[in-house]
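Please work through the exercises below with the sequence and the model open beside you, and try each task before reading its solution.

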Amino acid sequence: MDGERFITSTKIQLDSELDLTLRPKSFTDYIGQGKVKSNLEVFINAAKQRGETLDHVLLYGPPGLGKTTIAHIIANEMGADIKVISGPALSSMLDIVSILTGIEPGDVLFIDEIHRVNKTVEEALYSAMEDFTLDIVQGKGPGARTIKLPINRFTLVGATTRTGMLTGPMRDRFGVICRLEPYSFDDLEMIIKRSASILSVDIDDDACLELSKRSRGTPRLANRLVKRVRDFAQIMGDGKITKEIADKALSCIGVDSLGLDDIDRAILEALTVKFCGKPVGIDTLAAATNEDAGTIEDVIEPYLIQLGFVSRTPRGRIAMPQAYIHLGLTPPEQN
């Protein structure tokens, strides 16, 4: 199977609107994640001075915090090409062999959702990451033999939202491990102002602050909200994003004062009303809200936990008093 079916180059990635407009191309333009950014700049500059490839990098944290953006910046800063692939797409040994044999010296291979890589592929990556060789088995049974196929030195950048699902041997092969944290309101305001400037739309400070408060600490969501509010400002106003326009637009698309949307509220309503505040298992909660269990665990639930609205217990998920108050309900009496 041709590896090109699975790989998208930097040029292909730039076809998306987000890459064309809002995604920073260098650490100079990258806002937030100060510690991660400063450390990576040191590692990259040191590797370039030595004329070496950068050690393999693992980026982990909740969705939307900029893992893909950092991978592209690493490639740009190293002056290298980047090949992008999703972990679930690597389903067989042939897939990884076709990709790695096409790697040029110094290339960056970005694997998103690396925790979902097939076990056989993961084992093949061990020698590729450590020795820059591929172990190819020829023949079957007692006559089988292993051939070590050399490949060009490259940098693997892996991204995951669930670092606990990575095996120890895989995690240990990353020389640089970076944890990305949710963004502060100040950083999000800077990102929103930068995005608005790139999109050639005026935005006042009050609207910028309001958008930052409803972005759940996530630049991806902040950029999405800027685009949608821009549409309302264009059709319902004079094109400028004011707090009044922002409030109206966010209300229309179902984003409340804390950044919760319809599915967030559906989960809270299921926990508080449908199941009467009793502990609920993740599969039951998924069935009740018609949402994928993995999406609830990886994307939706972390923010609700950060807000103190949901708690995980040995018996299941329960809604906390703050969730009842936010929904305009009376919290149950504590035993």
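A disulfide is here a pair of cysteine sulfur atoms within 2.5 Å. This is a predicted model, in which local features need pLDDT of at least 70 and side-chain atom pairs count only at pLDDT 80 or more, while totals for chains, interfaces and linings use all residues. Residues are numbered from 1 along each chain as its sequence is written, and side-chain values use heavy atoms, with hydrogens and water left out.

**Exercise 1. Cysteines**

Task: state how many disulfides a search of the whole structure finds, and decide whether C178 is buried or exposed.

Solution: Applying the sulfur distance rule to the whole structure gives zero disulfides. For the second step, buried means under 20% relative accessible area, exposed over 50%, and partly exposed in between, with a 1.4 Å probe and protein chains only. C178 has a relative accessible area of 6% and is therefore buried, whereas C276, at 59% relative accessibility, counts as exposed.

**Exercise 2. The surroundings of A233**

Task: find the helix in which A233 lies, and list what A233 is in contact with once its neighbours within four places in sequence are left aside.

Solution: Helices are DSSP runs of H or I with at least four residues, numbered from the N terminus, and A233 belongs to helix α10, residues 219–236. Its relative accessible area is 0%, so A233 is buried. With contact taken as heavy atoms within 4.5 Å, and with neighbours within four places set aside, A233 touches D238, G239, K240, I241 and I245. R23 lies 210 residues away from A233 along the chain, and the C-alpha atoms of the two are separated by 23 Å.

**Exercise 3. A pair of helices**

Task: describe how the axes of α5 and α6 are placed, and name the residues that make the contact.

Solution: Axes are lines fitted to C-alpha atoms, for helices over the stretch in contact, and angles run from 0 to 180 degrees between N-to-C directions. The axes of α5 (residues 93–100) and α6 (residues 119–130) come within 8 Å and cross at roughly 30°. From α5 the contact uses M93, I96 and L100, and from α6 it uses T120, V121, A124, L125 and A128. Sorting these by class, with Ala, Val, Leu, Ile, Met, Phe, Trp, Tyr, Cys and Pro as nonpolar, Asp, Glu, Lys and Arg as charged, and the others, Gly among them, as polar, gives seven nonpolar, one polar and no charged residues.

Methods: Helices (H or I, at least four residues) and strands (E, at least two) are DSSP runs, numbered from the N terminus.
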